[in-house]
Structure formats: C-alpha cells, structure tokens
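Biologist: I have a structure open and would like to go through it piece by piece. Can we start with a loop and work from there?
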Amino acid sequence: MSLYRKYRPASFAEVVGQEQVTRPLSAALDSGRINHAYLFSGPRGCGKTSSARILARSLNCEQGPTSTPCGECASCRSLAPGGPGNLDVTELDAASHNGVEDMRELRDRAYYAPADSRYRVFIIDEAHMISNAGSNALLKIVEEPPEHLIFIFATTEPEKVIGTIRSRTHHYPFRLLTPQAMKGLLARTVEAEGMSVEDSVYPLVIRAGGGSPRDSLSILDQLLAGAGPGGLTYQEALPLLGVTDLSLLDATVDALAGGDKARLFATIDDVIETGIEPRRFVSDLLDRLRDLMVLEAVPEALEMGLVDAPADRAEVLRAQASSFSGPQITRLADQVNSRVADLRGATSPRLLLEILAAHLLLPAEQPPAPLAASPQQAAKAAAQAASSSAPSPRITGAGGRVYERPSQRAARGEQSPAPAAAPKENDQAPAPDAAPAKQPQPQAHQPAPEPERPAAPPEGQKESPEPQRREEAPRGEAPAEAPEPPAREKREETPPERAADPLETIRGAWAKLREDVGARNRVAQIMLTEATVLGIREDTLVLGHNTGALAARLNAEKNNKDIVAAVGQVAGRPLKVHCVVGTDPAAQGFRSAPAPQQPWQPTESAPRERRAPAPKEKPTEPEEPARTPSVWGKPAALGGQEDPGKSAPAAAPEPPAPASPPRITVPTGSARRPAPRPAPSVPQRRPPVDEEVPLPPEPADEEPPYAPPEDSPTPPTPVESEEEEMIRAAASEPGSRDRRDAMTVVMELLAEELGAKPL
C-alpha cells in the first residue's frame, strides 16, 4: 500500500499543518453545532478528502458526534483508513458525474433515511466541476435538506462553485504545509517504516513535493522503494529527482562571487553533460540565491527557520552570503528570475543558459554608470552637446547676403529692421566666404564684429534708424553702431536653451530614438511606428497611439523598459514613458506641436518695403454716364461676315446686374428660338474695378430676349399653358374630404383602369 494511503490520518489530531481547520471543526463537533453543508477548499493533496472522511466518522461514531472517534464501534471501523466503507457515507467524483441526471439521482437517494448510522453523508469531490444545470438541480435539497442529511463539498477552485450553494455552506480553507511541518511528517513516516534516510535528502523531497503532503509522501515512497540496505543516501536520491547537485550550485555561486568566467562556463558544461534540465538548474540556482539573500540580510535566518538547509550546510551558506553585497546578490537574483521563463520550450536551452551566465557576469566586470547628480546637470550636458553639433541658424542668400528669421531676432530681444531698408542692410553685411578686402575694418576701440552675422544695435536703442546710418557710412569704414559683446553672448546662448528642452530634443530625434529602441526590442520599434509624441507631464513622456491594443503593449514592462532606456539617452535625463489612446495633444492637456518653419529661399527677391496700410475708403459707385465705352468693337455677323446694316450699340447706362438671370416665360405656341450663344471667354488679365469692360452684345442675327420696355408700368402677363390653367382652376375649386381608405381607392382604380373585379 502507498505511504499516503497507509498513513492517512484517522482523526483531526493526526492531521498535520491544518490547525486553522481542525481546531474550529473539533470545537463544533464537541459542542454539537452541526451544519448541514460544508465546503473544504485548498490545493491538491493537502488533506481535504481525508478531513471529510474524518468528519463523517466523527459524526456517526456511537460516542459522538465527537472530535475524537472511539475507533471501536462498527461505524468507526468501517470508516477507518483502509476500512471497507459504509453504506450511509457516499463519495462522489464530480469530475465524472457532473451532469443534471447525476445530481437528480443523488437528490432522490438523499431523501432516504440512513441504514444504521446517525447521518447520511455525501462527500462530493471536485465540486467545481458540477455543471450549472446540475448545481441548480441540487440547490433545493442543499438549501432545505432533511435532518439526517449532510453534504461535504471538496474543491480546489471554490470560486467556480455557484454562489447559491457556496453561501449555504461553512467554508474551511486548507493550505500547503510549511517545510518544517513537512519535514516532521516525513521523518515520522520514515521512522514508522524502519528506514534510514540522510538529512540532506529531506530538502530535496520537500522541494519536489511543493508543500503537498500526498505528493511528498509519494516521492518518499519511490525513493525508499529503490533504496539499498544501508538506507537512502543523497547521491541515490539526486538522479531520481533530477535536482541539481549541490556541488554544481556551489561552483556557480563561487564563480559569480569572484567573477571567474572560465569556471562559470565550465560549470554550465558540467550541467549539460550531467543531463540536468537547464530550466531546473536555473530554478535551483534561484532558490540558492534566495537563501543567500536572506542570510546576507538576516544572519540568524537558519536559527529562525527562514532558510531550510541541512545543519552541515550552514557554514557553507554563511560563507557564500558574506562574499556578496546586498545590492549585488539582489541584482543577481532579479536577473535570474526575469530570465527563467525564457528557458521553457527553448530550442537551444544551452545557449540561453550561457547568455544568462554572461549577463550575470556583467555587473562584476562592468558596473552600471552612475546617474547624474541632478536632472539639471544632465540637461545642461545635453545642451552643450547639441550646441556643439547644431548648424548655424543664419542663412546666406545670393550675393553674400545673410538672412535671419524674425523669430531668431525676437529670441534675442531685438526688433526687426524696416523691410524697406533690409536690402541695403544686407548689402552691408559681409558674406562668410567673401574676400577680406570687402569686409568692413573695425575701429581700434571697438571689437571686430562677426564676419557672418550682421551687427546688432545696443540694448535700449531702436533699430529702425540704423539702416539709414549705415547707408550714409562709407564702404571702407565700419558702421557707427558696432555690436556689443553682451548682445552677442545672448545670441550664442539661445540655441543651447532651445536644444535643452527634452521634448523638442525627442521630437527632433524621434526617428533615431526608434532605431535605438529597435536595437533593444524589435517588436517595440514596430509598434512605435504609428506613435506620436504628445508632451511631458511630471517626468513622464506621454505618447499617443490610435490603436488601444498596441498602446497597452507599449505600456507593458517588457517593451516599456527598452523605450525608457532609449528616451533617457536622447533626452539626457531619466524619463518615464506612458502611451495613451489618441494622437491629439489637446485632448491630453498638451499644446499642439509647433508647425515647422519654412526655410528662407535664397532665390526669392528681397523683401519689399512695408508700408502702413492706408485707411480703406468706402468705394463709391461711379455714375452711369461715366462708364468706359465698350472696347470690343463692332460684333461680327454669323458666318464670319459683317452686317453692314447694323452697327455696335452706343454706350448706354446699363441697369444693375440682377442677382440671378430673369425667368422668361415663352407664350404657348410660339416658335422655338435658338439658345443664345455663350459669352466669350474672359481675358486672363482682369482690369481694375474702375476700368471694367462690359460684355459684348449679342450677335446681330439673333433676336434679343424679350424684356419689357423701361417706360412700361407693369410687365405683360405671361400666357399660361392649358395644363397650368387646369391645375390652377382645380386648385381654386372647393374640395371635399375623401374618407375612403387606401385599399378602397386602389380597388376602384384597378376596376376603372383595368376592368378588374374583386373576388
């Protein structure tokens, strides 16, 4: 018989590690407060079904209900571990009997009274597997059962049990055993079996069992079955469990502590040659680093039970923990934990294991660069780098003229010169590549101006009269107003201040930033293709994306950390990155990105003189007789021949053009007149308003459209057609209300038009 069945507990006092369940249940049994339904939940193999059997045995004991069954009565003997069972205690596996018919059958059987026991008990294992229809069929009897009926539900997923049943039960949660409790259980079992087991074997069994008493006893049963006459040793248990040898873990830890690359990669080769699964090796290494981290922080961890290790390994673990600093061991454990999932299903696990080893050696060989003392210093360093590589904002046009945008002059606090004198001023400014003989010579008491930048006026003085003064100065002499050094220094500091803005820096280098992200994470680079920089809020760079799913993936830690690293390098200071849905900066509370300024085109002519716009006078309509006579001349007749009998109409006052062409009604029966010819095309050059040319007259061979004479008081009444007259007459007659429905009207029309008769 298996050990977990042979040593199954027979009373609540023998249940190990579940005091949170056994204590209140024992008190309830002793006081007689029995409920009609119980729910036992917890991980697999932690004692739920065994406790349910103990509860049924305690309820039907002749001395009970009691928490300590006598073990002598028929009910106790039948329900003891390994006993034949009892007709009044039924166990049902809901994983295979979860339908509505199974629950109806159970409900019908539940109404019968017990045969020879006090209670009829139904133990339903894996209760979460019952279907909704089956649960509803069982609900009524669970809600109002007979006095002799008790339900015990056992499940690993209590949240899947429908709420109507769960709310009618007493819920008792079970949990996994601690290493100390598990070691005591294993030691008592080995002693009962009369076997000898080394102390170093127990941690292996406990770790392999995962805290489950049933799984741990099954593993111990397998090891004891293959043990020799001398008992179970560590070397015999090691290959069966597939656990990493302690010597390999010791060698790996020593190599990491000393930064020994050769020893570390040689240890990895031994791991592969031994046949240990790389993922299991990494998992065991993570457990060792965890123990060392706790020992480094708490030297008394072994005595306190925080680290589970054999007594002979205590000094070795303390020596290894002392070889690391707190941050170092924490960083190693974090890197191993972040990469252990990559080894699952890998096609080349050895390669991934060696990559992990290389990453673990990096902190000892190449410590991370220290952060800047403050974000301001980082921004200043980025500004200096940008100013050294930024091109000059000045633009040199044709003829050696130097142009500056108004925004550049405004940034220095200067006023733009008068546009009329701009060409003259630019003539005075020397070109960068002009000959030295053409450059103005500075005076002895004034500093020489920059060769490629026009002189700036002193602060507090207007610049408007400067072009006239420079025009009057001779060509060979320097201008009267030479630039002052403070103004020049102010101009030189302007580009670094603009370059120091991290938002503008990121926007300007967005393409390069995505390439840097691609070097770390190709998937993140692809997802950033449609992303937009919205702004910076509280040290967080806010990106916008039109796709919500891609925005969520960009915010995931796996992709976000690579984007943050690339943004920090470009911005010159650490920034967080968060992606939102939507690319409108205003919707997120940011200002829209400024439109890029168009560069100055050197081929364009010099700016024209700006004049103050004169007040617009209200245009007055010229008098009709003052209109310019027609310049079109005499119209040609059809066919290309002139009509000698007709001449061009004299210039006469034209009536004001109507808003829309007048509607002309042609009398019925009149001859069809040809449509008038379209007006000739308007010339490309439009004359001024005061010189507007009238349209040419209609051709002479066509009759002009009818128009009433000017002296006629009222226009003639148009002649109506017969159809219009009938419509008007019908509209003027008094009508009568037609009270027929639509079907009647349709039937009468069909009878009149088609001669149809209703059936």
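Modeller: E538 lies in the loop between β8 (532-536) and β9 (540-545). Keep in mind that this is a predicted model.

Biologist: Is E538 buried or exposed?

Modeller: E538 has a relative accessible area of 73%. The cut-off for exposed is over 50%, so E538 counts as exposed.

Biologist: What is phi of E538 near?

Modeller: Phi of E538 is near 55 degrees, which is a positive value in a residue other than glycine. D539 is in the loop between β8 and β9 too. Phi of D539 is near 60 degrees, again a positive value in a residue that is not glycine.

Biologist: And how exposed is D539?

Modeller: D539 is partly exposed, with a relative accessible area of 46%.

Biologist: Let's step back to the whole chain. How many helices and strands does the protein chain have?

Modeller: The protein chain has 30 helices and ten strands. It has 759 residues, and 34% of them count as buried.

Biologist: What about contacts across the sequence?

Modeller: Take the contacts in the protein chain between residues at least 6 apart in sequence: 70% of these join residues at least 24 apart.

Biologist: Can you show me one pair like that?

Modeller: S212 and G45 will do. They are 167 residues apart in sequence, yet their C-alpha atoms are 5.3 Å apart in space. The backbone oxygen of G45 lies 3.1 Å from a polar atom of the S212 side chain.

Biologist: Where is S212?

Modeller: S212 is in the loop between α9 and α10 (213-225). Leaving out residues up to four places away in sequence, S212 touches R44, G45, C46, L176 and M182.

Biologist: Why does S212 count as buried?

Modeller: Its relative accessible area is 3%. Buried means under 20%, so S212 falls in that class.

Biologist: New topic. Which residues have the most contacts inside the largest nonpolar core?

Modeller: V282 and V336 do, in a core of 35 residues. Each of α12, α13 (261-274), α14, α15 (301-304), α16 (314-322), α17 (326-339) and α18 (349-365) supplies at least two residues of this core. The largest share comes from α14, with eight residues.

Biologist: What does V336 touch?

Modeller: Not counting residues up to four places away in sequence, V336 touches V282, L285, L286, L289, L356 and L360. There is also a second, separate core of 24 residues, which includes L3, I206, L220 and L224.

Biologist: Which residues lie nearest the centre of the largest cavity?

Modeller: Those are R207, L246, R288, D308 and P310, out of 17 residues that line the largest cavity.

Biologist: Which helices do the lining residues come from?

Modeller: α9 (201-209), α12 (246-258) and α14 (278-297) each supply at least two residues of the lining. α14 gives the most, with four residues.

Biologist: How does that lining divide into nonpolar, polar and charged?

Modeller: Nine of the lining residues of the largest cavity are nonpolar, one is polar and seven are charged.

Biologist: What is around D250?

Modeller: D250 touches R288, R313, V316 and Q320, with residues up to four places away in sequence left out. The side chains of D250 and Q320 are joined by a polar contact of 3.1 Å.

Biologist: Last one, R120. Where is R120?

Modeller: R120 is in strand β3 (residues 120-125). R120 is buried, at a relative accessible area of 10%.

Biologist: And what does R120 touch?

Modeller: Apart from residues up to four places away in sequence, R120 touches L87, D88, R109, A110, Y112, A113, P114, H148, L149 and I150.

Terms used
Residues numbered from 1 in each chain as written. Predicted model: local features only at pLDDT ≥ 70, side-chain atom pairs only at ≥ 80, totals over all residues. Heavy atoms only, no water. 1 Å grid on protein atoms, 1.4 Å probe; cavity = no way out; pocket = protein on both sides within 12 Å on 5 of 7 lines; lining within 4 Å. Nonpolar A, V, L, I, M, F, W, Y, C, P; charged D, E, K, R; others polar. Buried < 20%, exposed > 50% of the residue type's maximum accessible area, 1.4 Å probe, protein only. Contact = heavy atoms within 4.5 Å. Polar contact = N/O pair within 3.5 Å; in protein donor to acceptor, adjacent residues only side chain to side chain. Core = buried A, V, L, I, M, F, W, Y, C linked by side-chain atoms within 4.5 Å.
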